[in-house]
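My notes below go entry by entry.

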Amino acid sequence: MKFGIDTFACDSGKSGFGSYLTGLTANLPAQDGVEYMLFGSPLDRYTYSDEIPFREVRCGDSMNAKRWWHNFSSKGFYKKNKVDAVLYPAAARLLPGRFPVPGVAVLHDSLSMVLAKAKFAHRLTLKGFERVQAIIVPTNFIKNDLLGLGFDGKKIHVVRHGIDHNLFYQRPLDDQTVVNVKPFAIKRPYIIYPSSITGAGKKHIELIKAFEIFKKKTGAPHRLVLAGAENAWGGQVHAAAFESSCASDIFLTGFFPREGFPLLCAGADACVFPSVQEGVGLPVVEAMASGLPVAASNAGALPEICAGKAVLFDSDNLEEMAAAIEKVCGDKKARSKMIAEGLAWSKKFNWQECAESTVNLLREAAE
């Protein structure tokens, strides 16, 4: 039995989709009679795994060209390579409307949010989700959203994502006043928000304003580090940071190389995560595994993913957010409790279990 794994639309490893695929492929179980094959853009050949065979698909770089290939040309490719089932790790971005071989889609976000963008391509995506054999979701928040859209609960499977505990762990950095992570040297103490800067729902601007309130009230020496790739929305966040009364204490890193990010995370005093549009919010768990107390939005999947181990706040209430920042940075008793509970909770996010459950669902789809 051979399972194909689609690497298209995973940003060649430089996004949450890519991180998911990296973790999954590194932990695929060796099972009798099971083979794996990655396929996608030539650029992805050396991105994910040297141990899994890779087949290049040359179909053009545009998303429309990739959609055309998936809907009209993939059948011959699957037949030639004797593929029995296919995993689509970035299904919200790229999922065919027809399946020449059984498919399993991975949905990392609320489908309602995806469809709200109201693009024609997203309507095609809805057809794909209706026709695919199984849908993997990492949280009950996403499952409940699908149920609300009328999907059959029997095809929806909650499979918790993993994190790499060899990268994200508590490190003894108490004596270090600066974290040197090329190309940056960041002075401690600092608060980290590890998320892409891609829209208003990420609430970077509100966090900058709440950080101002926190600094004015406490006089704390903390800096604010915004670590994540940017799109056009980044300009507004940069402007808000530049105009802030705390501009000298706000640092935007842009896309941060994955190999250096765990140290950047571990060097922080706390993680603050105000996004209101998370279907998962896995960086919160990575922060917990790194020994950080967490303050997070009470919206989306974050209350579920934090499981009572973090301070929750309303991201539109700046005073409430500032109070949460003060608690995770200055309340020693609360910090100790959150750190201990977060470390224990983060151990439940295991790539080996995630990969095994995923392969079992591929088996069921193929049979």
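**Entry 1: a term I need.** I call a residue exposed when its relative accessible area is over 50%, buried when it is under 20%, and partly exposed in between. I also note that this is a predicted model.

**Entry 2: the partner of Lys 217.** I looked for what Lys 217 meets. Its side chain forms a salt bridge with Glu 326, at 3.3 Å from N to O. Lys 217 sits in helix 6 (residues 204-218) and Glu 326 in helix 11 (residues 318-330), so the bridge ties together parts 109 residues apart in sequence. Glu 326 has a relative accessible area of 29%, so I wrote it down as partly exposed.

**Entry 3: other salt bridges.** I looked up the total, and the structure holds nine salt bridges. Next I picked Glu 56. It forms a salt bridge with Arg 45, and the closest N and O atoms are 3.1 Å apart. Glu 56 is in strand 3, while Arg 45 is in the loop between strand 2 and strand 3, eleven residues away. Arg 58 also bridges to Glu 56, with the closest N and O atoms 2.8 Å apart. Glu 56 is partly exposed at 30%. Arg 45 is partly exposed too, at 28%. Arg 58 is exposed, with a relative accessible area of 69%.

Entry 4: In what order do the seven strands of the open sheet lie? I read the order as 3-2-1-4-5-6-7, with parallel pairing. Strand 3 (54-56) and strand 7 (156-158) are the edge strands, and each pairs on one side only. From one strand to the next, the twist averages 25°.

I zoomed in on one pair. Strand 4 (residues 85-88) and strand 5 (residues 103-106) pair in the parallel sense over three bridges. Leu 87 stands opposite Val 104 in strand 5.

**Entry 5: helices on the sheet.** I followed helix 2 (residues 63-80) first. Helix 2 lies across strand 1 (2-6), strand 2 (35-40), strand 3 and strand 4. It runs at about 140° to strand 2. Helix 5 (residues 140-148) also packs on the sheet, where it touches strand 6 (134-137) and strand 7. The direction of helix 5 makes about 165° with that of strand 7.

**Entry 6: the core.** How many residues are in the largest nonpolar core? I found 124. Those with the most contacts inside it include Tyr 78, Leu 107 and Phe 129. Helix 13 (residues 351-366) gives the largest share of this core, seven residues.

I looked up the contacts of Phe 129, leaving aside its neighbours within four places in sequence. Among them are Ala 91, Leu 95, Leu 107, Leu 111, Ile 135 and Phe 151.

**Entry 7: Met 338.** Is Met 338 buried or exposed? Its relative accessible area is 8%, so Met 338 is buried. It has its place in helix 12 (residues 332-346). I set aside its neighbours within four places in sequence and listed its contacts: Pro 293, Val 294, Lys 309, Ala 310, Val 311 and Val 328. Last, I took a distance from Met 338 to Ile 197. The two are 141 residues apart in sequence and 27 Å apart in space, C-alpha to C-alpha.

Terms used
Residues are numbered from 1 along each chain as its sequence is written. This is a predicted model: local features need pLDDT of at least 70, side-chain atom pairs count only at pLDDT 80 or more; totals for chains, interfaces and linings use all residues. Side-chain values use heavy atoms; hydrogens and water are left out. Helices (H or I, at least four residues) and strands (E, at least two) are DSSP runs, numbered from the N terminus. Buried means under 20% relative accessible area, exposed over 50%, partly exposed in between (1.4 Å probe, protein chains only). Contact means heavy atoms within 4.5 Å. Two strands pair if DSSP finds at least two bridges between them. Axes are lines fitted to C-alpha atoms, for helices over the stretch in contact, and angles run from 0 to 180 degrees between N-to-C directions. A nonpolar core is a set of buried Ala, Val, Leu, Ile, Met, Phe, Trp, Tyr and Cys residues joined through side-chain atoms within 4.5 Å. A salt bridge is a side-chain nitrogen of Lys or Arg within 4 Å of a carboxyl oxygen of Asp or Glu.
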